[in-house]
Structures are given as C-alpha cells and as structure tokens.
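Okay, thanks everyone. Let me put the next one up, and then I'll talk you through it.

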Amino acid sequence: MREPARKSETVFALTGIGTYLAGTSAAGILDRAAGMPRLFSALFHSGMAVLLLLWIRRNGMTERYGLIPPRCRPSRVLFYLPLILTAACQAAFGRVPRISPGEAACFTVSMVSVGFLEETLFRGFLFRALETRYEKQGILLSAAAFSLCHLVNLMNGQSPADTALQMVFAFFAGLALALLFERGKSLIPCIAFHGMLNVLSLFSPEGAQTRAPEGPGSAALIRFGISVLLMAGYAAWLWKHLKEK
C-alpha cells in the first residue's frame, strides 16, 4: 500500500467519506436550486467515482479494496439470492415513474455511481482500516458507521421516521456486505447489488424500503420487513461461515 493511505488508512477513509457526504449534500442543493433533478448529483457522483477508481488503480490497490473478480462464481446464483431478492423488493408493488428520459438517465448515473462510491468508501477503505486494528469487530464498526452516516439525510429534508428506517436497513445491509467482501475478497458483487438496489428504488412510490410506512399493511412496511429480514439472515449465515473458517 502506498501514498497517504498507508500512514493513516482510517483518517484517509473518513476524509473520503466526509468529502462524499458534503459533495452529495451540495449537489442536492444545486439540483433543487436549478430545478434540474439529479443533474448535479449525477455529475458529482460519477466524477468522484472515476477519480477514486483511477487513484486506486494508479496506486496498485485494486486487490486490497476488492476491485477484482469474486472467489464465489456468479454461476452460483443461490449464494447471491438474498441480494437479488432484496433488490427486487424495491420494485415490488411499485409503478413506472413519470419522469423525463433526461431525469431518468441522471438518476441512473447518480445511483450506480453511489453504489460504487459507498461500497468502496465504507466496505473498501473504512472496513479494511478497521479490520487491520479490530479484526472481526471491524465488520460491526463499519456497518454502524454506514448506518450513522445516513443521519446526514435529516439535513436534506428527510423526516426522522424515514431516516430511522433507513439507518436500520443500512446497518444490516452494511453488515451483510462487509461479510460478503470478507468472504469473497471482492467488492464487485456488493457494488452490483448496491447499484441495482438504488436504481430499482425509482419504481417504488413510497421511496423503497426506507420510507416510514403508513400502516401495518402498507406496501412500504412489507418491503421494509422483507428487506431487513433478508439482509439480517444473510449476514447471520455469512458470519457463521466465517467463524467456521
């Protein structure tokens, strides 16, 4: 490992996360001010993703940060089934959104880039830094950090109830994805899942699994419950597998 990340990988990871969160908030403000949904977000997220990828490749850290093919072959569909089902839940009971092709394109670019950025920053940089110091406890710490970072959405106008649900899901998703990365040594499945999850959330009228449900039988509550159970169960299975290794 080279460059400043070797000296203090944790500080480097937190700096990257802070830059991402601040840039995302600023881009959202510009989107609303200009009346151009997702345009500045797409530009910022895709630009940061490209720069991050180039930096990782230039410093020879693709293997450390998981930008390599997974050990578990994609042909083993059942192994990835919880991820596929969780992503599919976001479109369940949904509808095709009424947005322009340009807005749909910006949303897709932004959300796919967010999947790459959040997996690289939280499961790549931060988890690797915490794992070095705390071993398996780093899995829990990185998941908790990923959950807590969603508090920033309160500053962007999201309700406390929606944010609380988002944080619960983010913790279990972060736990499962960190365990998946630890087992397969590749972030590629995590990035693919995260990007797909984000893009499919466009089809959910209630804002996917992270919007406060209106009642005990609401589609949002059903989606949230299924998504959390899938991620928690997947994380438990992966954790048991790692303990047996």
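Predicted model: local features only at pLDDT ≥ 70, side-chain atom pairs only at ≥ 80, totals over all residues.

Residues are numbered from 1 along each chain as its sequence is written, and side-chain values use heavy atoms, with hydrogens and water left out.

Leu85 sits in helix H4, residues 77-89. Helices here are DSSP runs of H or I, at least four residues, and strands are runs of E, at least two, numbered from the N terminus. The protein has nine helices and zero strands.

Now the core. Buried residues are 47% of the 245 in the protein. The largest nonpolar core has 54 residues, and Leu83, Leu121, Leu180, Met231 and Tyr234 have the most contacts inside it. By core I mean buried Ala, Val, Leu, Ile, Met, Phe, Trp, Tyr and Cys joined through side-chain atoms within 4.5 Å. H4 supplies at least two residues of this core, and so does helix H9 (219-244), among others.

Take Met231: what does it touch, leaving aside neighbours within four places in sequence? Its contacts, meaning heavy atoms within 4.5 Å, include Pro82, Leu83 and Thr86, plus Phe169, Phe172 and Phe193.

Technical notes
Buried < 20%, exposed > 50% of the residue type's maximum accessible area, 1.4 Å probe, protein only.
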